[in-house]
Amino acid sequence: GTLLHVAAGPGGALDDATIYRLMAVLRENSASEPDADGRTPLHRLCAAREREDVDVDVAAARHALLERLLRDAPAAAASQDDKGWTPLHHACAGCDDDAATLEKCRALVEA
């Protein structure tokens, strides 16, 4: 995967400033680039369970990243990984019924 895949991984892996800097330098098509498992950064972001102790600024940055990925690569919302899962499958799997997961699901359905 790419640095964007890392940024989209489990909450707290990167701080909010790093996420915003990364978003500022994204190259064309990086949002739709799959990793070795066929997952795009959107798949990884949706699969990541947000930690309860994650900083509010990091949570906001991760939400901005979700919006950016959907804007830059809207087709990624329907793309399937090597197991046939879409980002929505990942967001719903093990859903904790928390606000971050529900927001991911809403954004994906509206995409």
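Reader: Is His5 buried or exposed?
Author: In this predicted model, His5 has a relative accessible area of 3%, so His5 counts as buried.

Reader: Where is His5 found?
Author: His5 belongs to helix α1, which spans residues 3-8.

Reader: And which residues is His5 in contact with, leaving aside its neighbours within four places in sequence?
Author: With those neighbours set aside, the contacts of His5 are Glu33, Pro34, Asp35, Arg39, Thr40, Pro41 and Arg44.

Reader: Let us turn to Ala36. Where is its place?
Author: Ala36 sits in the loop between α2 (16-24) and α3 (41-47).

Reader: Buried or exposed?
Author: Ala36 is exposed, since its relative accessible area is 73% and the cut-off for exposed is over 50%.

Reader: How many residues apart in sequence are Ala36 and Asp82, and what is their C-alpha to C-alpha distance in space?
Author: Ala36 and Asp82 are 46 residues apart in sequence, and their C-alpha atoms are 8.8 Å apart in space.

Reader: Now helix α2. Which of its residues are buried?
Author: Ile19, Leu22 and Met23 are buried in α2. They lie on the same side of α2, because the arc they cover around the axis is only 100°.

Reader: Why would residues three or four places apart point the same way?
Author: An α-helix has 3.6 residues a turn, so residues at that spacing point the same way.

Reader: What is on the other side of α2?
Author: Arg21 and Ala24 are there, and both are exposed.

Reader: Which helices do the buried residues of α2 pack against?
Author: They pack against α1 and α4, the latter covering residues 56-72.

Reader: Staying with α4, at what angle does it pack with α6?
Author: The angle between α4 and α6 is about 15°, and their axes are 11 Å apart. That angle makes α4 roughly parallel to α6.

Reader: Is the crossing left-handed or right-handed?
Author: The crossing of α4 and α6 is right-handed.

Reader: Which residues make the contact?
Author: From α4 there are His63, Leu66 and Leu70, and from α6 there are Glu103, Lys104, Ala107 and Leu108.

Reader: Lys104, then: buried or exposed?
Author: Lys104 counts as buried, because its relative accessibility is 5%. Lys104 is placed in helix α6, residues 99-110.

Reader: What lies 2.9 Å from a polar atom of its side chain?
Author: The backbone oxygen of Leu45 lies 2.9 Å from a polar atom of the Lys104 side chain. Beyond its neighbours within four places in sequence, Lys104 is in contact with several residues, including Leu45, Cys46, Glu50 and Leu66.

Conventions
Residues numbered from 1 in each chain as written. Predicted model: local features only at pLDDT ≥ 70, side-chain atom pairs only at ≥ 80, totals over all residues. Heavy atoms only, no water. Helix = DSSP H or I, 4+ residues; strand = E, 2+ residues; numbered from the N terminus. Buried < 20%, exposed > 50% of the residue type's maximum accessible area, 1.4 Å probe, protein only. Polar contact = N/O pair within 3.5 Å; in protein donor to acceptor, adjacent residues only side chain to side chain. Contact = heavy atoms within 4.5 Å. Arc of directions from axis to C-beta. Axes fitted to C-alpha atoms, helices over the stretch in contact; angles between N-to-C directions. Parallel < 35°, antiparallel > 145°, perpendicular 65-115°, else oblique. Left-handed = near helix turned anticlockwise from the far one by under 90°.
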